[in-house]
Amino acid sequence: MDIQQVAKRAKVSTATVSRVLNGTPNVSEETAARVRKMIAKLNYVPNNHARNLRMGSARMFGLIVSDINNPFFPELIDAFEALASQHGIDVIFMHTNYDPQRLQSSIRRMVERNVDAIAVMTSEVDEKALEMASAHVPLVLMNQPAFAKLYRNVPVEYATGFKEALEHLLSLGHSDIAFIAGPSTLSSAKRRYQEWELAMKRHKLRVRLQWVVTGDLRVQGGERAMQELMSMSPRPSAVLTSNDLMAVGALQAALHAGLRVPADVSIIGFDDLPIASMVMPQLTTIQLARREIAAQAFTSLLLATRDDIRTECEVVHPHLVVRKSTGRRSSK
């Protein structure tokens with residue numbers, strides 16, 4: 001059902017139907033009531049997107065994330081969409097599964113659909129795709145310092161989180177500390193590993209490369225990496241991971257191997273996903289505020305589309321949340 005059918009059955013012009021829909025006062029109450037009755041009878045829903053395109057104001061943002069199956073992203077998506085809704089903005093959502101080729105495709109499709117701006121909240125970026133998009137719409141990235149001078153960027157300062165995590169482990173007597181990293185092809189995973197390594201050196205802790213194992217940012221990858229670490233001799237007394245999903249996998253691997261957590265090995269995750277407080281023992285983790293990232297990204301794009309303003313986003317600082325997966329080092 002379209003606006004022409006509503007107008008025909010209400011015996012008015014399409015312009016009159018449009019005025020009633022928009023609340024324009026220069027329509028008699030009798031006519032407006034007849035139009036509203038016909039709209040309800042026909043269950044007509046106006047195509048606001050088509051109307052806005054004709055007016056040259058799509059009022060639509062694109063949002064791209066890495067992995068919809070990773071619990072890190074749904075909270076970010078929810079916060080971004082809620083803010084958009086408050087401002088009458090629709091959101092087109094896509095995810096890349098960590099594939100730069102899919103990022104290119106997602107950006108191209110969004111530009112073709114005339115979005116007003118795009119938030120690229122991914123671990124991976126593709127320079128050519130960003131260049132293509134920025135020629136048409138404002139962009140904001142998530143923690144991509146290499147591109148911060150070219151595009152709006154929500155920066156994350158990992159150093160504080162790792163500093164707090166290592167100080168916590170040191171206070172419990174741990175110095176033999178391993179790291180389960182994410183793939184080095186992903187900029188965020190690479191940054192987290194680099195910041196952990198720097199924090200270890202600042203605390204004068206030895207970085208043993210054999211205790212740095214790469215996972216895939218998923219539970220199974222963390223499980224395989226932990227199995228490898230636990231097969232070593234000597235083995236670490238504590239393990240940090242690049243995200244919570246791998247920490248959950250590491251926790252499972254340790255328990256399946258007959259180890260006690262934290263009595264035999266302490267484990268720290270990163271992100272503070274909801275699952276961190278659901279597993280047993282509850283996971284000590286470095287909290288990264290997804291809603292804060294979403295709010296800064298949305299606000300940056302909103303200002304860009306309204307006034308073409310390039311604002312600097314505030315730095316997001318992760319912090320340690322202590323639960324039950326860390327404990328004093330065993331004297332054995």
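I take helices (H or I, at least four residues) and strands (E, at least two) as DSSP runs, numbered from the N terminus. This is a predicted model, so I keep local features at pLDDT of at least 70 and side-chain atom pairs at pLDDT 80 or more, while totals for chains, interfaces and linings use all residues. Residues are numbered from 1 along each chain as its sequence is written, and side-chain values use heavy atoms, with hydrogens and water left out.

**Entry: salt bridges**

I counted a salt bridge when a side-chain nitrogen of Lys or Arg lies within 4 Å of a carboxyl oxygen of Asp or Glu. The structure holds 12 of them.

I started with Glu 167 and Lys 163, whose side chains meet at 2.9 Å, N to O. What separates the two along helix 8? About one helical turn, because they are four residues apart in that helix (residues 158-171). I call a residue buried under 20% relative accessible area, exposed over 50%, and partly exposed in between (1.4 Å probe, protein chains only). Glu 167 is partly exposed at 36%. Lys 163 is partly exposed too, at 41%.

Next I looked up Asp 67 and Arg 218, which form a salt bridge at 3.4 Å, N to O. This pair links distant parts of the chain, 151 residues apart: Asp 67 is in the loop between strand 1 (60-65) and helix 5 (72-86), and Arg 218 in the loop between strand 7 (212-214) and helix 10. Asp 67 is buried at 2%. Arg 218 is partly exposed at 29%.

Arg 291 and Glu 75 also meet in a salt bridge, at 3.4 Å, N to O. Arg 291 is partly exposed at 40%. Glu 75 is partly exposed at 26%.

**Entry: positive patch**

I found Lys 8, Arg 9, Lys 37 and Lys 41 gathered in a patch of positive charge on the surface. For patches I used residues with over 30% relative accessible area and no salt bridge, joining like charges within 9 Å and nonpolar side chains (Val, Leu, Ile, Met, Phe, Trp, Tyr) within 5 Å. Helix 1 (3-10) and helix 3 (29-42) each supply at least two residues. Lys 8 sits in helix 1 and is exposed at 64%.

**Entry: backbone exceptions**

Most residues other than glycine have a negative phi, and most peptide bonds are trans. I noted the exceptions. Lys 11 has a positive phi, near 60 degrees. Lys 11 lies in the loop between helix 1 and helix 2 (14-22) and is exposed at 72%. Asp 272 likewise has phi near 60 degrees, but is buried at 12%.

Which bond joins Ser 233 and Pro 234? A cis peptide bond, with omega about 0 degrees. Pro 234 is in the loop between helix 10 (219-230) and strand 8 (238-241). Met 280 and Pro 281 are also joined by a cis peptide bond, with omega about -5 degrees. The loop between strand 9 (266-271) and strand 10 (284-287) holds Pro 281, and Asp 272 is in that loop as well.

**Entry: Asp 244**

Is Asp 244 buried or exposed? Buried, at 0% relative accessible area. I placed Asp 244 in helix 11 (residues 244-256). Beyond its neighbours within four places in sequence, its contacts (heavy atoms within 4.5 Å) include Phe 270, Asp 272 and Leu 283. The C-alpha atoms of Asp 244 and Ala 15 are 55 Å apart.

Conventions:
Accessible areas come from the Shrake-Rupley method with a 1.4 Å probe; for residues, only the protein chains shown count as cover. Lys and Arg count as positive and Asp and Glu as negative; His and the chain ends are not counted. The place of a charge is taken as NZ of Lys, CZ of Arg, CG of Asp or CD of Glu.
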